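Thanks for coming. I will go through one chain today, and I will keep to what can be read off the coordinates.

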Amino acid sequence: ADGSVRVSVKELTLQVVHSLEEVSEVLAMGYKTRATASNQVNLHSSRSHSIITVNIRIQNNATQAITRSKLHLIDLAGSERLAKTESVDERPKEAQKI
């Protein structure tokens with residue numbers, strides 16, 4: 001092997017946006033596809049992971065200097081304490097896998 005590692009993420013998408021309105025549209029799209037289930041701790045407990053990386057590029061028109069920033073937002077599914085959720089059926093098994 002050449003030492004390189006390849007990672008494949010199912011349903012990974014790249015969305016290029018140019019305004020706050022477009023950012024809101026992309027986040028709304030992600031929110032609609034999010035898997036959730038209720039428990040005693042959280043009515044909308046996430047059952048899926050999501051990772052959002054925001055790359056920001058700003059160019060100063062006077063100096064032409066470019067500033068870049070990166071922000072990672074990560075939502076890990078099922079972070080509630082299992083005992084407090086009072087979950088039954090498949091939920092405890094699912095939470096243990098997460």
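**A surface patch and a hairpin**

I start with Leu20, which counts as exposed because its relative accessibility is 73%, where anything over 50% qualifies. Leu20 is found in helix α1, and that helix covers residues 20–32.

Before going on, a word on what we are looking at. This is a predicted model. The average pLDDT over the chain is 75, and 60% of the residues score at least 70. Where is confidence lowest, and where is it highest? The lowest mean, 52, belongs to helix α2, residues 82–85, while β4 has the highest, at 92. Where pLDDT is low, the predicted coordinates should not be read in detail.

Now the overall layout. There are three helices and four strands. Read from the N terminus, the order is α-β-β-β-β-α-α. Of the 98 residues in the chain, 10% are buried. As for contacts with a separation of 6 or more, 40% of them join residues 24 or more positions apart.

Back to Leu20. Which residues form the nonpolar patch on the surface? Leu20 is one of them, along with Val23, Leu27, Ile52, Leu71 and Leu73. Together they have about 520 Å² of accessible area. Helix α1 gives the most, three residues. Strand β4 also supplies at least two.

Two members of that patch take us to the strands. Ile52 stands opposite Leu73 in β4, and both belong to the patch. The strands involved are β3, residues 50–59, and β4, residues 66–75. They pair in the antiparallel sense, over 10 bridges. Another facing pair is Ile56 with Ser69 in β4. As a general point, side chains in a regular strand alternate between the two faces of the sheet.

Next, the turn. How many residues lie between β3 and β4 in the hairpin? Six. One of the residues in this loop is Gln64. Gln64 has a positive phi, about 65 degrees, although it is not a glycine. For context, most residues other than glycine have a negative phi. Gln64 counts as partly exposed, because its relative accessibility is 46%.

Ala65 sits in the loop between β3 and β4 as well. Is Ala65 partly exposed or buried? It counts as partly exposed, since its relative accessibility is 41%. Leaving out residues up to four places away in sequence, Ala65 touches Ile58, Gln59 and Asn60.

To recap, there are two items to keep. One is the nonpolar patch, to which α1 and β4 each supply at least two residues. The other is the β3 and β4 hairpin, with Gln64 and its positive phi in the turn. That is all from me.

How values were computed:
Residues numbered from 1 in each chain as written. Predicted model: local features only at pLDDT ≥ 70, side-chain atom pairs only at ≥ 80, totals over all residues. Heavy atoms only, no water. Buried < 20%, exposed > 50% of the residue type's maximum accessible area, 1.4 Å probe, protein only. Contact = heavy atoms within 4.5 Å. Pairing = 2+ DSSP bridges. Patch = residues over 30% accessible without salt bridge, like charges linked within 9 Å, V, L, I, M, F, W, Y side chains within 5 Å. Areas by Shrake-Rupley, 256 points an atom, 1.4 Å probe, with all protein chains shown as cover. Salt bridge = Lys/Arg side-chain N within 4 Å of Asp/Glu carboxyl O. pLDDT = per-residue confidence, 0-100.
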